[in-house]
Amino acid sequence: MSKAIAAYDPAVDAAVHHHPIYDYDSGPPVDRGKFAIWLFLATEIMFFTGLIGTYVVLRTGAPSWPNPAARLAVDITAANTFILIVSSWTVVRGLAAIQKGDQGGLVKWLGLSILIGSVFVGVQVYEYIELFKHGALPNQDLFWSTFYAMTGFHGLHVIVGVIWLSCLWIAAVRGRYTAQDYMAIELGGLYWHFVDLVWVLLFTLVYLM
Amino acid sequence: MSEQHHFNANKIFVTLIILTALEVAWGTLIPYDAKFFLWGGLLAFAFWKGLLIFMYFMHMKFEGWIVKCLIAPTPFLMCVVVFAIMPDVAMNGQLDHELGDQLDPVDGAVVEIGTGSRNIEHTADHGDDDSTGH
């Protein structure tokens, strides 16, 4: 079957079967990878909508809600938010570098993004450990349940993002990407920016409001 | 390969950093009880930052109609999700017990954690098991 597809030549086939040559792609008018990643991101939006929507409903329905600043280290997490935004910027710089054919630049910026993303995860793990030490467990009350559910699932996404970027970085070190072939970087970057976008909302909702 | 999108990433990055700093300052300086100003400002900052990331870093501003159509239903579905679960707590003000209390599944009365008719039956079953020597 694959040999038949590989041997298929529309120009030859058209002459034999007397029909015009169709040189268009019957797929969607966008790169298939990009189509797939946006479809995936749409499902991810709905996943976090479920978490955030439930949080909003539970919070508005609760008779009282503690001031997050009294329970959480807002200053450390604010610094962590800066860190994640910087990592998004470094991914953008990496993509811009490979678009210009700068493979070394891609390796440098991707490596920096992985490092910064790992720091974000490290700070979150540190925050969890400190909270656990003070007895703030997920089953303590509604505040902690929603806090760990939302930040925990986001943290898992960051870990997946770091692994994804690491795979891209290894391929980049091997010279896999060029100025003509960098779609994988763009797709990985889209996921990473989405994780950043979700954190921007979570930071506001969970830590500041 | 995809097309290159020309925008000033450094400018967007600096804007995001400034907005985050302003947001943290807003959340810290505005009294917690002034919820209208506090929440209104914070949500405005978050929406602005999210929009910048979405439109520029994620290139949505430069995408074609098909990608935009993929994402377009999600705001509507978000509203569906929130309004679908809202009735679960909308009547909380009329509850005759504290939120989070365990209710007896048979008569609806508030019970202590670990008691209630279902738990009592469960305990009784265990008691029977013990009496048979298992």
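Tutor: From the N terminus on, the elements of chain A run α-α-α-α-α-α-α-α. This is a predicted model: local features need pLDDT of at least 70, side-chain atom pairs count only at pLDDT 80 or more, and totals for chains, interfaces and linings use all residues. Residues are numbered from 1 along each chain as its sequence is written, chains are lettered from A and ligands numbered from 1 in the order in which they are written.

Student: How many helices and strands does chain A have?

Tutor: Eight helices and zero strands. Helices are DSSP runs of H or I with at least four residues, strands are E runs of at least two, and numbering starts at the N terminus.

Student: What share of chain A counts as buried?

Tutor: 34% of its 209 residues. Buried takes 20 or more other C-beta atoms within 10 Å of the residue's own, with C-beta atoms placed from the backbone; exposed is 12 or fewer, partly exposed in between.

Student: How many residues of chain A and of chain B are in contact?

Tutor: 48 residues of chain A are in contact with 40 of chain B. Contact is defined by C-beta atoms, placed from the backbone, within 7 Å. The elements of chain A that give two or more residues to this side are α3 (32-61), α5 (74-99) and α8 (183-208). α3(A) gives the most, with 15 residues.

Student: What makes up that side by class?

Tutor: It has 29 nonpolar, 13 polar and six charged residues. Nonpolar covers Ala, Val, Leu, Ile, Met, Phe, Trp, Tyr, Cys and Pro; charged covers Asp, Glu, Lys and Arg; the others, Gly among them, are polar.

Student: Why is α8(A) called roughly antiparallel to α2(B)?

Tutor: The axes of α8(A) and helix α2 (residues 35-57) of chain B cross at roughly 175° and come within 9 Å. Axes are lines fitted to C-alpha atoms, for helices over the stretch in contact, and angles run from 0 to 180 degrees between N-to-C directions. Angles over 145 degrees count as roughly antiparallel, under 35 as roughly parallel, 65 to 115 as roughly perpendicular and the rest as oblique. So α8(A) is roughly antiparallel to α2(B).

Student: Which residues meet there?

Tutor: Among them are Leu197(A) and Leu201(A) in α8(A), and Phe54(B) and Phe57(B) in α2(B). By class, this contact has eleven nonpolar, three polar and two charged residues.

Student: At what angle do α3(A) and helix α4 (residues 73-85) of chain B cross?

Tutor: Roughly 30°, with the axes coming within 9 Å. The contact includes Gly50(A) and Gly53(A) of α3(A) and Val81(B) of α4(B).

Note on methods: Two residues are in contact if their C-beta atoms, placed from the backbone, lie within 7 Å.
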